[in-house]
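Here's a quick briefing on what holds the inside of this one together. Have a look at the model first, then we'll go through the charged pairs and the nonpolar packing.

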Amino acid sequence: MKKYDDVVGIDVSKLTIDAHIHKGSIHRVFSNTSKGYAALVKWLDKNLGEQCYFLCFENTGHYSTNLSVYLSQNDMDYVEESPLAIKRSAGIVRGKTDRLDSGMIARYGWLHQEELVLSTPKEKDIQEIGRLLSLRDQLVRDRTGKMSTLKEAQSLLSSPSTDSCCKIVTKTIAYLTKQIEALEDRIKTLMRSEEELNDNFNLLNTIKGVGLILSSQLIYHTNNFQRFDSWRQFSSYCGVAPFAHSSGTSIRRRNKIHHIGDRKMKTLLTMASVSAIQCDSELKHYYQRRLAEGKPKLVALNNVRNKILARAFSVIKRGTPYVELQRFAA
C-alpha cells in the first residue's frame, strides 16, 4: 500500500458504525445505512480535508457488506480485515466498548499499513451465492434434526405411519428437501449467468470428489479465484496446511495443522477426500502409499485434502479440465 497520512478505524455493528480518526483521536457514531455512510464521508471531509487516508474495519459478514460496497462505489480506500487478526494484535485489553474498539482498529491499521492490502467487494452474483450457501446449510441442519426426530419416534411407536406427529414431521422433511433443491437450482443458474463463473464452475466439477457445494464454496471463498495467489495460501486459510512445531533443541514435534481455519471448508474438503479415495485410483494409491510409509490415517487424509486444493487451483490456472493421467498409463 502507498503511504497514508491517517487511518480511520470503524467498528461495525448491526445498527450503527463507530468511526475513530487515529491521529486526531476524534470519534463519532453513524447509522449503519446509506444515509449514515454519506454522513460519515462528509464528517471525514470536514476533519481530514485533503489528507490521504484509508478506512479499516472488521469483516463482520452481512453487517459490513453494504459499507464496503458504498466505499468502493465512492472510490475510497479501505481494508476489510479479519476480526481475529485485529483482536490478537491489541495486546492486553481490559475494557470493551464500541468506541474503544474503533480506536483499536484505527491503531491496528496505522501500525500495519505497510502489510495490509486494500480490499474490494465481491461481485453481486458471488455475494448471492454466499447467501444461498449459508441458507442451504441452515436448511440441511434443520432437515437432519427433523430426520432424527422422526427416526426416534418411529422406534418408539408401534404404528408410526398413522401417528399425527410422524406425518407432520415427514411433510416437513419433504418441504425442506424441496427448498434445498430450489436453492441448489438457483446456485446453478447464477453460475451459468456469467461466462467466467460458468467456466470455473465446470472446470472444478471435472475433479473427482468435487461437486456442486464444494465448487460453489471454493468460488465464493476465493472470490472466483482472485483472492488467493496459490493453493497453499488457501490451504492455510482453510486450516489444512501443516506447520512446523519445534523450539530449541528439546522440542521436535511432527508438523501439524493449526486449529484456526474455516471449519466449513475443512469439513467439505474432508468429505471430498473420503469420496475421492474411493473413486479416484490415483488418489487412492497416493493415500495407501502414505499409509504404507507409516503416516497416521488423518495425516494421509489431510494430504489428500491438499491434493484436491492443488488440483482445483491448477485447473483454474490452466483453464483446462482435469485429466486422470493414470487411465492412459501403459
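Asp137 has a relative accessibility of 14%, so it counts as buried, the cut-off being under 20%. Keep in mind that this is a predicted model. Asp137 pairs up with Lys264 in a salt bridge, with 3.5 Å between the closest N and O atoms.

**Salt bridges**

- The Asp137 and Lys264 pair ties together distant parts of the chain, helix 5 and helix 10, with the partners 127 residues apart.
- Lys264, at 33% relative accessible area, is partly exposed.
- Helix 5 also carries Arg136, which reaches Glu184 in helix 6, 48 residues apart; the closest N and O atoms of that salt bridge are 2.9 Å apart.
- Both Arg136 and Glu184 are buried.
- Asp280 and Arg311 form a salt bridge at 3.0 Å, N to O, joining the loop between helix 10 and helix 11 to helix 12.
- Asp280 and Arg311 are buried too, and together with Glu282 they make up a salt-bridge network.
- The total comes to seven salt bridges.

**Nonpolar cores**

- The largest nonpolar core has 46 residues, and the members touching the most others are Leu204, Leu214, Leu218 and Phe234.
- Helices supplying at least two residues each include helix 5 (124-156), helix 6 (164-193) and helix 10 (263-279), while helix 12 gives the largest share, nine residues.
- Beyond its sequence neighbours within four places, Leu204 is in contact with residues including Val210, Leu218, Phe225, Ala312 and Ile316.
- A separate core of 21 residues has Ile17, Tyr37, Trp43 and Leu71 among its members.

Key: Residues are numbered from 1 along each chain as its sequence is written. This is a predicted model: local features need pLDDT of at least 70, side-chain atom pairs count only at pLDDT 80 or more; totals for chains, interfaces and linings use all residues. Side-chain values use heavy atoms; hydrogens and water are left out. A nonpolar core is a set of buried Ala, Val, Leu, Ile, Met, Phe, Trp, Tyr and Cys residues joined through side-chain atoms within 4.5 Å. Buried means under 20% relative accessible area, exposed over 50%, partly exposed in between (1.4 Å probe, protein chains only). Helices (H or I, at least four residues) and strands (E, at least two) are DSSP runs, numbered from the N terminus. Contact means heavy atoms within 4.5 Å. A salt bridge is a side-chain nitrogen of Lys or Arg within 4 Å of a carboxyl oxygen of Asp or Glu.
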